[in-house]
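I opened the notebook to go through one chain, element by element. Entries follow in the order I looked things up.

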Amino acid sequence: MILSCQNITKAFGTDVIVSEASFHLEEREKAAIVGINGAGKTTILRMITGELEPDSGVISIAKGKTIGYLRQHQDVNSEASIYSELLDVKKDLLQMEQSLRQMEEQMKLLAAKKEQDQLRGRHDGSGSGEPKPSGEGEYEALMDRYNRVLTEFENRNGYAVKSEVTGVLKGLGFAQEEFDKPVCTLSGGQKTRVALGRLLLTEPDILLLDEPTNHLDLNSIAWLENYLLNYDKAVLIVAHDRYFLNRVVTKIIELDNRHVMSFSGNYSDYAQKKAQLREIQWKAYLNQQQEIKHQEEVITKLKSFNREKSIKRAESREKMLGKIEVLERPFEVNADMHLRFSPQIASGNDVLQVRHLSKSWPGNPLFSNLDFDIRRGERVAIIGDNGTGKTTILKIINELEAADAGEVTTGSRVQIGYYDQEHQQLHMEKTLFDEISDVYPDMTETEIRGVLASFLFTGDDVFKRICELSGGERGRLALARLMLSRANFLILDEPTNHLDITSKEILEEALRNYSGTVLYVSHDRYFINQTATRILELKNGNLINYIGNYDYYLEKVEELTRIYGNTPAPQSTVTVSSSKEDRARRKEEQARKKRLMSELKKTEERIAWLEERDRAIDGLLLDEAVFSDVEKCTELSIEKASVAEELEQLYSRWEELSEQQEDAVS
C-alpha cells in the first residue's frame with residue numbers, strides 16, 4: 001500500500017465537505033475520485049499533498065515515496081521556451097551527461113600524458129621495475145568514476161532525454177514549431193498542458209491529476225491514456241471524462257454526500273454497480289415504506305372496530321412497528337436538476353446547407369471548400385484536433401465570424417440556439433436573475449426562480465453576479481438560457497466542459513429526447529457516443545463524414561486511414577457509411593429494440609395494475625361486510641393468490657427484459 005486515508009474529515013466553517021472518508025491506493029494502481037461538482041474531490045487531493053490539513057483522520061504515504069500534483073488551473077509565467085521548460089525537469093541527467101563529456105576529455109588528456117610518460121621512460125632507459133607514474137593511477141580512478149556515472153546515466157535512459165521531451169510535447173498537442181514559444185505567452189489551457197508535461201517527466205511515485213483531459217484534443221487524450229496505462233507507478237485522477245476513466249482506471253472512489261465508497265473496475269463497472277446498489281436501496285426503502293403504510297392502515301382499521309380484541313391486535317402491531325429501523329430515503333442523483341429542450345415550432349426537413357466554405361488566418365489556413373448538409377432530427381458532432389477550425393465553423397454559422405468564401409443557408413422555420421464554450425453570451429456584470437429576466441421580460445419572478453432552481457440555483461444564489469460563478473455554474477446557467485429559447489436547432493460548442501458527470505448525463509438524456517436538430521463540437525468521447533447520430537471529422541482542411549456514433553467512427557477510421565494515409569482526401573467531404581449488410585443489421589437491431597421496449601412497457605403496466613389490485617383485495621379483506629362472508633373471502637383469497645403468482649412471473653420477466661435492454665444499449 002502506497003497511500004492510505006483513514007477516517008478523514010474536512011469542513012470549511014459549518015460546511016462539512018468530507019466525513020470520515022477511508023480509502024487506499026496500492027503501488028502501480030490507477031484509481032479515480034468521482035462525484036458532483038463541489039463534492040470535495042479537489043479538497044481530498046489537496047489534503048493528500050499536504051496543502052490542507054484534515055480536521056481529523058490520518059493520511060499515510062509510504063516512506064520515501066514522491067508525490068506529483070497537477071492542479072486544474074496553472075499560473076506558469078516562465079520566460080523559458082516550452083521545450084526548455086520541460087527539458088529543465090531532466091537537468092540532473094543533462095548535468096550528468098555534461099560530466100561524462102568532461103571526464104571523457106580528461107581521460108583523453110590523461111591517456112595522452114600516460115603515453116608520453118611511457119615514451120619518455122623508454123627513451124631515458126627507465127626499467128619496468130620503476131613505480132607507476134602518478135598519472136596512471138589518476139587515470140584508473142577517473143575511469144572507475146566514469147563507469148559508475150555512465151551506468152546510472154544509462155539505467156535512467158539518459159540518452160533518450162531529448163527525444164522523451166519531444167515525444168511528451170507532441171503527445172500533448174504541441175507542434176514542433178511551437179517548441180520555442182515562451183511559456184508566459186501561452187493561453188491558460190496551453191500552460192496546463194506544459195505543467196502536465198513537466199509532471200509526467202518527473203515520474204513521481206504517486207501521480208495526482210485534477211481534470212488532466214481539460215484542454216486536450218482527442219489525439220492528445222488518447223496519447224495520455226496510453227502513457228498512463230504504461231506508467232508503472234500509482235495514479236489518482238479526478239476527472240469527468242468517462243471514456244478516459246473506462247480506459248485508464250481499475251478502481252473508482254466515489255465521493256457522495258460527504259461519504260466515500262470504493263468500487264473495483266472502470267467507470268462503466270462502477271456505474272452498473274452503483275445503479276444496482278441504488279435500485280436495491282430504493283426497492284428496500286419503498287418496500288419498507290409500503291409495509292409501514294400498510295401496517296398503519298391495518299392498525300387504524302382495527303382501532304376503528306372499537307373492540308377489545310381488535311384494539312389489542314392494533315397495539316401489538318404498533319409495538320412491532322416501533323421496533324422497525326426506518327431506512328433513510330436514498331439520495332436521488334438526478335432529482336434536482338431538470339433539463340428539457342422543447343422547440344416552439346418544427347423546422348423544415350432541410351435545416352442547414354453549407355457550400356464551398358473556406359477560412360484561414362494569416363499564415364494559418366484552416367479549411368477550404370467544405371460542403372455538408374444537416375437535416376431535421378440529426379445530432380451531428382464535429383471532431384478534430386485543436387486549432388483545425390471546429391469552433392470557427394460554428395461561429396460562421398452563427399454569423400459571429402465571416403467566412404473567406406462559401407455560403408451558409410438555413411432552412412425554413414429554423415430557430416438557432418447557441419451555446420458558447422467561453423460563455424461570452426452571458427453578461428458577467430449581471431446577476432443570474434437579471435440575466436434571465438432581461439432576455440425573457442415576460443417571465444414572472446416566480447417563474448424565473450423556478451427555472452434557476454431547476455438548475456441548482458436557489459435562495460440568494462440567484463442574486464450572485466455571473467463573474468462570481470465557477471465554470472460549471474456558468475455552464476448550467478447557459479443551459480438554462482438555451483432551454484428557455486425553445487430553439488429547434490441547437491449549436492453547442494464544448495457543452496460538457498466544466499460539467500460534472502451527473503450534469504453530463506442529464507444533458508445527454510435531454511438531447512436524446514430532443515425533437516429538434518443538434519450540431520456540436522466536443523472532445524468528450526463518451527458524450528459523443530451517447531448522443532451523436534453522425535460525426536464530421538475535420539482533418540487536413542477537409543471533412544470526413546461518419547454515419548454513426550463514436551464507436552462506429554473508431555471502427556471505420558482505420559479503414560479510411562489505410563485508404564488516404566496522412567494526405568488530404570481528394571474531396572472536401574468524404575462519407576464513410578455502413579455497407580448494405582450493416583444497414584440491414586442496424587435496421588433489424590432497431591426493430592428488436594423497439595419490440596423489447598414495447599414488451600417492457602406492457603409488462604410494467606401489467607405489474608402496476610396487479611399491484612393496485614392486490615392492494616385493493618387487501619382493503620376488501622379488511623371490510624367487515626367482506627371478511628364475514630366466507631364465500632366472498634374464499635373468492636378474494638383465490639384471486640389474491642393468483643395475482644401473487646402472476647406478479648412473481650412478471651417480476652422475473654421484467655428483470656430479463658431490463659437486462660436485455662441494458663445489453664442492447666451497451
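Which helices do the buried residues of α12 pack against? I found α13 (445-454) and α14 (471-485). Helix α12 covers residues 432-439, and its buried residues are Leu 432, Phe 433, Glu 435, Ile 436 and Ser 437. I take buried as under 20% relative accessible area, exposed as over 50% and partly exposed as in between, with a 1.4 Å probe and protein chains only. An α-helix has 3.6 residues a turn, so residues three or four places apart point the same way.

**Ground rules.** I note that this is a predicted model, in which local features need pLDDT of at least 70 and side-chain atom pairs count only at pLDDT 80 or more, while totals for chains, interfaces and linings use all residues. Residues are numbered from 1 along each chain as its sequence is written, and side-chain values use heavy atoms, with hydrogens and water left out.

**Whole chain.** I counted 20 helices and 19 strands in the protein chain. Helices (H or I, at least four residues) and strands (E, at least two) are DSSP runs, numbered from the N terminus. The chain has 666 residues, and 44% of them are buried. Its accessible surface comes to about 35,500 Å², with 47% belonging to carbon and sulfur atoms. Those areas come from the Shrake-Rupley method with a 1.4 Å probe; for residues, only the protein chains shown count as cover. I then looked at contacts, meaning heavy atoms within 4.5 Å. Of those with a separation of 6 or more, 70% are between residues 24 or more positions apart.

Strand β1 (residues 3-12) pairs with β4 (residues 56-61) in the antiparallel sense over five bridges. Two strands pair if DSSP finds at least two bridges between them. Leu 3 has Ile 61 in β4 as its bridge partner. Seven bridges also join β1 to β2 (residues 15-25), again antiparallel. There Lys 10 stands opposite Val 18. The β1-β2 hairpin has two residues between its strands, and Gly 13 in the turn has a positive phi of about 70°.

**Six-stranded sheet.** I traced an open sheet in the order β5-β6-β7-β3-β8-β9, with mixed pairing. Its edge strands are β5 (67-70) and β9 (259-264), each pairing on one side only. The twist averages 15° from one strand to the next. At one end of that order, β8 (residues 251-256) and β9 pair antiparallel over six bridges. Leu 255 has Val 260 in β9 as its bridge partner.

**Helix pair α5 and α7.** The axes of α5 (residues 161-171) and α7 (residues 218-229) come within 9 Å and cross at roughly 135°. Axes are lines fitted to C-alpha atoms, for helices over the stretch in contact, and angles run from 0 to 180 degrees between N-to-C directions. The two helices are therefore oblique to each other. For angles, under 35 degrees is roughly parallel, over 145 roughly antiparallel, 65 to 115 roughly perpendicular and the rest oblique. Gly 167, Val 168 and Gly 171 of α5 meet Ser 220, Trp 223 and Tyr 227 of α7. By class, that contact has three nonpolar, three polar and no charged residues. Nonpolar covers Ala, Val, Leu, Ile, Met, Phe, Trp, Tyr, Cys and Pro; charged covers Asp, Glu, Lys and Arg; the others, Gly among them, are polar.

**Three-stranded sheet.** Next I traced an open antiparallel sheet in the order β11-β10-β13. Its edge strands are β11 and β13 (405-410), each pairing on one side only. Eight bridges join β10 (residues 350-361) to β11. Ser 360 stands opposite Pro 365 in β11, and Leu 352 stands opposite Ile 374. Gly 363 takes a positive phi near 75° in the β10-β11 hairpin, which has two residues between the strands. Helix α11 (residues 390-397) lies across β10, β11 and β13, at about 60° to β11.

Is Ile 374 buried or exposed? At 1% relative accessibility, Ile 374 counts as buried. Ile 374 lies in β11 (residues 364-375). Asp 350 is 24 residues away in sequence but 6.6 Å away in space, C-alpha to C-alpha. Leaving aside neighbours within four places, the contacts of Ile 374 include Val 380, Leu 519, Arg 534 and Thr 517. Thr 517 lies in β16 (residues 517-521) and is buried, with a relative accessible area of 0%.
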